[in-house]
Amino acid sequence: MRQGVWTERPPEDSMSDAAIADQRETGNGRWVRSHCQQCFNACGIRVEVVDGNPVRIRGDADDPNTHGHLCARGLAGLAKFYDPQRVKTPLIRTNPEKGRRVDPGFREATWDEALDLVAAKLRTIRADNPNKLIASLWPYEKYVQSSAWGSAFGTANTGFSFSGVSNQCANPNHFVGMITHGALVEFPDLTHCRYLILLGSEYGFGANQSFVRAARELADARDRGLKLVVVDPRLSVAAGKADEWLPIKPATDLAFLLGFIHVLVHEDRSYDAAWLRTGTNAPYLLGPDRNFVTDPDSGKPLIFDETAGIARPYDDPALGRPALEGTYTANGVECIPAFQHLVNETAGNTPEWAESICDIPAGTIRRLAKEFAEASSVGATVAIDGVDYPLRPACLLSYRGLQAHTNGTLAMMAQETVMVLMGALGVPGGLVAKSMDARRFGGRPQLMTKGPDGIVRPHATGWHLYTEFSYPPKSLELRDYGPLALDMGHLVPLTMLEPEKYGFDYSPEMLLIYHSNPFTNAGHHEVVARALKKLDLVVSINIYLDESTDYADVVLPESTYLERFNLINWTYDMQGLQVGQPVVEPRYDTRDGMDILIELADRAGFLFGEGGFNAALNRTLGLSPPHALALDRKYSYAEVLDVQARCHSRGERDLAWYCEHGNDLRPVAPDEKYRMYRDARLPLYFNSIKAAGDELRRNLETYKIAERHGLEIDTSPYQGVPFWQPSPVHGEDGDYDFYVISYKSYMTTYGDTATNPLLMSLSERDPYLMKVVINAHTARKKGLRDGDVVWVESRYARERGVVGLTEGIHPETAAISGGFGRFTRHPVADGKGTLQNAHLPIDLAHTGMLGGTMETVARVRLVRARGKDARTH
Amino acid sequence: MTGPAMVGDSFRLGYRFQRHWDIAMASAFFFGELGAGLFVVAMISPSWPVLVLGLLITGIGKPWFHLTHMGVPRKSWRAILRPDRSWTSRGLLGIVVFTGAGVLYAGAVATKGLVPLGEVWRVVAFLAALVVMTYQGFAMSHSTAIAIWSTALMPVASLLYALAGGTALMLVIDGLGLAPPPFPNFAVMGLGVAGALLVLQASLLHAAYNGTPGAKLSASLLLRGRYAPAYLGLVLGAGTVLPLVALGIDADGLAGRLVAAVGLLGGFYAFRVLIFKVGVYEPVMRFGGIGTPR
Amino acid sequence: MARWGMVFSLARCIGCNACVVACKTENRLPDDIYFTRTFVEEVGTFPEVRRVYIPTLCNHCEDAPCEKACPSGATYTRDDGIVMVDQDRCIGCSACAVACPYDARSMIEEPNDNRGLFGGAEAPPAEPDAVDRWRAGTVVKCDFCSRRVDRGLSPACVAVCPTEARIFGDLDDPESAPSRLVRTRNGAPPLPEKNTKPKVFYIDY
């Protein structure tokens with residue numbers, strides 16, 4: 001183990017510590033504490049204000065989560081505030097023609113005129129059928145609060161509807177993480193971890209959650225000797241720094257993991273058997289229908305007791321040693337433990353089989369699985385605050401790169417299968433959960449509960465973990481046909497163009513977009529554009545005019561994060577809140593987006609009463625008397641947050657306290673961080689997925705969805721254990737010889753940062769970010785050179801790009817950074833880089849309805865541009 | 001592995017062109033050396049109009065282009081403040097002394113001794129001219145930053161080109177009969193400097209190819225790519241081969257001398273520009289193979 | 001008197017450019033000028049390939065070639081080892097720039113000297129210390145954030161670095177963090193063959 005400055009406290013005089021007291025900071029201004037909102041991680045910042053102008057942003061050294069460190073985006077945030085392209089006043093369209101780069105002819109309007117226009121339509125729709133409003137609300141620092149507005153309005157089409165986050169995010173991570181161990185997001189416990197495999201994730205290197213903190217923690221862990229293995233088609237930042245990089249063929253991580261599981265359960269047999277027997281549903285008996293065999297009296301699942309030779313309910317105090325393997329008879333049916341089912345199902349998934357699909361050598365898969373199992377140190381424990389916890393210092397962590405595929409949910413199930421097999425969820429060294437509990441709004445962490453079957457039940461405030469079937473369907477995302485989809489917002493432009501085809505009895509009339517841009521975060525642009533044109537009224541709450549506002553009828557200008565309030569906790573292991581506050585008054589006639597929503601709710605008549613927005617906010621924020629919103633009073637958003645602050649501090653702190661102190665974050669106790677599922681069993685067998693699939697199949701048959709609408713909803717993925725399912729792109733035309741992937745850099749948050757001149761000048765100096773990056777050997781074979789201007793062609797789009805060569809990419813892969821390739825009036829962003837998602841089809845075949853994913857890989861070919869097209873600017 | 005390459009503005013590790021000294025600076029170097037060279041050649045058999053011409057070329061041409069180059073021209077006088085460590089300061093002092101002593105010496109020649117201490121001014125002006133003819137080379141060779149400059153051949157090049165420039169002008173002046181030649185068969189000097197320049201360029205390339213990777217890269221930039229035509233055509237062809245041929249055919253005719261002089265001056269100026277253009281900073285680090293950086 | 005120096009851990013640097021933006025905003029640098037840059041290099045061939053990020057800034061050399069080349073006396077070394085440029089004295093001859101093997105110097109050129117973030121004339125207001133800091137025509141470079149150091153702070157690039165890949169401190173103190181790192185982890189200066197004696201070292205490569 002290497003020793004160094006990072007494993008000790010730096011000496012007092014070294015000044016290497018970022019803990020800098022305010023009064024020692026340079027400058028002549030006033031420093032205001034806040035938190036950054038240029039991505040959802042809410043890092044503490046301090047902003048220097050001179051003569052009423054913000055002049056400098058630095059990290060807040062008193063933020064215990066980030067220690068005053070900050071990323072490039074956070075440090076460059078002033079550009080957002082001073083951007084001359086900001087929308088400065090409400091705008092109303094005068095040109096009836098809508099189209100890409102067609103000038104909407106916006107005229108300036110008063111807030112009253114614009115709000116009344118929008119509210120009038122809201123009233124009409126709400127009286128008719130609230131589902132005719134699509135409320136696409138994705139202000140990341142408060143998306144749950146804004147979604148509550150959509151719920152209060154009564155529409156099934158709220159949250160990520162229309163834009164979707166299925167392209168940008170890792171929906172399966174949230175969905176499978178929650179049903180496995182209550183984790184909205186999973187974090188490797190890097191203080192103990194010694195072996196980390198990242199799959200399609202740049203945790204600690206830029207993308208994924210909590211970048212600033214994770215970067216330090218992972219650098220420290222690597223300094224202590226953590227082995228880092230990265231599986232990624234592209235030599236990502238993480239892969240570039242890893243001990244081992246495994247260039248995988250895009251969208252085949254599932255095969256890699258199945259091979260990995262095969263080694264663990266068939267060859268090495270190095271799983272944590274003791275834990276599987278007592279801490280998971282691995283011993284639960286499955287009948288021929290692969291559902292649990294239950295006790296006829298109690299209805300509880302049965303386990304075969306090897307000691308007694310009989311099956312008993314899982315919680316029978318007399319239960320001896322539960323059987324994991326074998327074939328038994330219980331309740332008169334032949335049954336096998338869930339673990340045996342996994343063994344059977346993965347029998348064919350040898351590393352050699354995996355290699356044939358994912359291009360990672362069988363020997364490597366075998367070696368890694370064994371190394372991983374050894375590093376997991378099954379049986380080891382560690383005492384923390386006098387309590388013994390299992391110590392499992394090996395993590396497998398995946399994110400969007402693995403998951404944003406049609407088979408992404410199965411792949412995420414495979415990841416969790418490995419982690420459950422090793423007993424490494426929620427324990428020191430393993431993956432710990434950030435749960436969707438009241439802690440995010442300042443409350444105490446809530447332990448997970450367990451269901452009558454003994455299996456963990458997650459908290460999922462503000463998230464759809466299960467959508468009831470209904471016909472005609474309500475959700476334009478087709479959640480009715482995909483009960484376990486977290487988000488299929490990208491489908492909305494498709495379904496709303498032909499609602500009757502999918503069984504809808506209504507057609508949407510209005511779209512409210514808040515902090516979202518379907519052209520940069522959804523798929524195929526023609527579909528998005530046609531859908532936008534079909535709507536009667538498109539309203540955008542926005543800071544800039546962007547691709548989508550070319551189709552908007554009304555633009556309501558939002559304040560930047562330096563001019564508005566927020567109160568949140570985005571950390572995974574701390575309690576308390578951190579404030580976002582206006583460091584100055586709004587520079588223009590803009591408002592906090594939440595205040596706009598409150599105002600619209602008021603004018604459209606759904607702010608007050610039990611079904612109103614106030615009541616919805618009370619539920620979402622966990623507010624209860626005496627600190628709850630009165631249902632008959634109109635609050636500003638700052639006043640809402642003041643109530644939230646008082647409620648969760650039991651009256652001790654108000655918003656003003658947070659504005660002065662920044663945050664009251666402090667680490668949660670170890671027993672609120674580890675094993676939050678306590679004695680609830682974790683699923684090795686995803687029985688809830690299996691059950692939902694069975695239910696869906698019955699409903700689809702009952703309502704004859706296939707016959708009536710010609711819709712083939714694929715229910716085959718709804719299985720209790722992961723199995724190989726290729727992505728549709730694997731079978732698509734060989735004429736398009738590259739798999740094009742997209743990725744995220746630490747200088748971008750979606751397309752939002754492309755307007756920032758500081759970040760753009762750096763991005764343009766990066767050797768890869770603006771390029772279509774391909775393997776140098778492949779390029780040689782195809783006669784392409786570095787700097788060649790090419791057309792990136794797919795069946796859906798044709799976009800210009802500049803070839804960049806690297807040794808660090810899978811030979812059949814082309815990589816395009818997300819966040820660029822904008823076509824907008826903003827001079828800083830326009831035309832720089834290439835947009836990948838124009839090549840992504842919006843259809844059911846490329847949608848993973850289990851979990852809710854969009855296939856983010858496309859097949860393209862690169863054709864050298866000629867003539868004036870070949871000129872670079 | 002593509003390996004370090006010219007990387008322009010990008011943040012790739014690699015070679016970067018020096019962009020600080022460009023045409024204006026090259027012109028200043030050119031005129032400074034040319035004037036001093038002419039002055040020294042003219043000293044062999046003193047002719048005051050030619051001496052004055054040399055002084056004018058250095059005394060006007062060089063400051064003019066220096067001021068064009070300078071970021072804060074009005075403070076340029078400050079450049080003389082650090083002769084203890086800076087070749088720029090030394091050179092500028094050299095110019096001051098050169099023009100001062102040169103004027104007095106030329107005056108003494110013109111007035112046939114009316115200006116006193118003619119011998120003293122002659123020696124001082126000569127020594128100062130030598131400084132002006134070489135210091136720019138020293139300024140370049142003194143720094144290790146630009147590898148192809150970092151060689152003792154730079155001051156030699158300065159001296160040789162100064163002499164070549166002076167010789168070229170003198171060939172024409174003599175050819176036109178405006179002043180007597182410094183010595184009989186003066187064309188021999190033209191052949192001599194052209195030959196010496198050929199040897200010098202060969203030595204420069206040889207040294208660069210046997211030097212650091214940066215020097216090698218710069219040398220290859222002279223021989224291949226966008227700068228190669230200028231280097232091969234002007235510096236080598238016009239600057240050395242052409243004068244040798246022209247003077248070999250027509251050493252005493254005006255045509256031969258004109259062609260030789262234009263070739264020498266063209267090669268001289270092209271060299272001054274190109275040696276700046278191909279100067280590169282080396283990457284701050286080199287990595288041999290994989291494995292060590294985590 | 002301290003002798004300030006910096007250590008870069010090549011293992012820890014992930015090239016995130018936070019330092020670069022911190023520097024640009026701290027010093028309010030014109031668009032095309034960078035006092036610190038993080039270079040990136042691929043090492044190896046597919047699939048055995050890794051990436052190295054190499055942070056760079058002025059190395060504040062003990063034997064600073066830029067100082068030796070400066071004819072006007074504008075470049076000087078403070079008692080604490082920080083190599084400074086006095087813009088009142090700088091004449092913009094660029095002799096320092098071609099003398100620096102690390103390409104660490106840049107000329108502030110008009111009209112970039114006082115242009116706003118968005119290229120227009122409307123420079124956003126800035127911290128008063130930084131306003132009108134740059135004189136057109138002078139050749140400038142990193143000064144280890146001397147104004148911050150004088151107030152007991154580390155340079156801005158160090159304070160923000162998410163991975164703490166930059167360690168700043170007193171090289172004369174054998175127990176300071178950079179001294180210990182240089183000693184225990186084979187700290188090496190950039191381009192040692194140039195004999196400039198940098199006060200910046202790289203470790204973990």
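What is the mean pLDDT of chain A, and what share of its residues reach 70 or more? The mean is 93, and 96% of the residues of chain A reach 70 or more. Keep in mind throughout that this is a predicted model.

**Stop 1: chain A, whole**

Select chain A and colour by secondary structure. Chain A comes to 26 helices and 36 strands. Its radius of gyration is 27 Å, close to the 29 Å that the globule rule gives for 873 residues, so chain A is as compact as a globular protein of that length. The C-alpha atoms of chain A fill roughly 80 × 65 × 65 Å.

Where pLDDT is low, the predicted coordinates should not be read in detail.

**Stop 2: backbone details in chain A**

Most residues other than glycine have a negative phi, and most peptide bonds are trans.

- Select Tyr471(A) and Pro472(A). A cis peptide bond joins them, with omega about 0°. Pro472(A) is in the loop between strand E21 (456-457) and helix H15 (492-497) of chain A.
- Move to Pro625(A) and Pro626(A). The peptide bond from Pro625(A) to Pro626(A) is also cis, and its omega is near 10°. For Pro626(A), the setting is the loop between helix H19 (613-621) and helix H20 (637-648) of chain A.
- Finish at Arg675(A). Its phi is positive, near 45°, and the residue is not a glycine. The loop that holds Arg675(A) runs between helix H22 (670-673) and helix H23 (687-702) of chain A.

**Stop 3: where chain A touches chain C**

Show chain C beside chain A and select the contact residues. There are 60 residues from chain A and 54 residues from chain C. Which elements of chain A each supply at least two residues of this side? They are strands E2 (44-50) and E3 (53-59), with helices H1 (72-75), H2 (78-82), H6 (211-223), H7 (237-241) and H25 (757-765). Pick out H6(A): it gives the most to this side, with 5 residues. Colour the chain A side by residue class.

**Stop 4**

Keep the class colouring on.

**Stop 5: chain B, whole**

Trace the chain along the sequence and the pattern reads β-α-α-α-α-α-α-α-α-α-β. The radius of gyration of chain B is 21 Å, close to the 19 Å that the globule rule gives for 294 residues, so chain B is as compact as a globular protein of that length. The box for the C-alpha atoms of chain B is roughly 80 × 50 × 25 Å along the principal axes.

Check confidence again. Chain B averages a pLDDT of 92, and 96% of its residues score at least 70.

**Stop 6**

Two packed helices are described by the angle between their axes and the distance between the axes.

Select helix H2 (48-69) and helix H3 (87-110) of chain B. Their axes come within 9 Å and cross at roughly 160°. H2(B) and H3(B) are therefore roughly antiparallel to each other. The crossing of H2(B) past H3(B) is left-handed. Show side chains. On H2(B), the residues that meet H3(B) include Trp48(B), Leu51(B), Leu55(B) and Lys62(B). On H3(B), the partners include Ile95(B), Phe98(B), Tyr105(B) and Val109(B). By class this contact has 11 nonpolar, 4 polar and 1 charged residues.

Next, select helix H6 (187-209) and helix H7 (213-223) of chain B. Their axes are 7 Å apart, at an angle of about 135°. H6(B) and H7(B) are therefore oblique to each other. Leu205(B), Ala208(B) and Tyr209(B) in H6(B) meet Ala215(B), Lys216(B), Ser218(B) and Ala219(B) in H7(B). The classes here are 5 nonpolar, 1 polar and 1 charged.

How values were computed
Residues numbered from 1 in each chain as written. Chains lettered and ligands numbered in written order. pLDDT = per-residue confidence, 0-100. Contact = placed C-beta atoms within 7 Å. Helix = DSSP H or I, 4+ residues; strand = E, 2+ residues; numbered from the N terminus. Axes fitted to C-alpha atoms, helices over the stretch in contact; angles between N-to-C directions. Parallel < 35°, antiparallel > 145°, perpendicular 65-115°, else oblique. Left-handed = near helix turned anticlockwise from the far one by under 90°. Nonpolar A, V, L, I, M, F, W, Y, C, P; charged D, E, K, R; others polar. Rg over C-alpha atoms; globule rule 2.2 N^0.38 Å.
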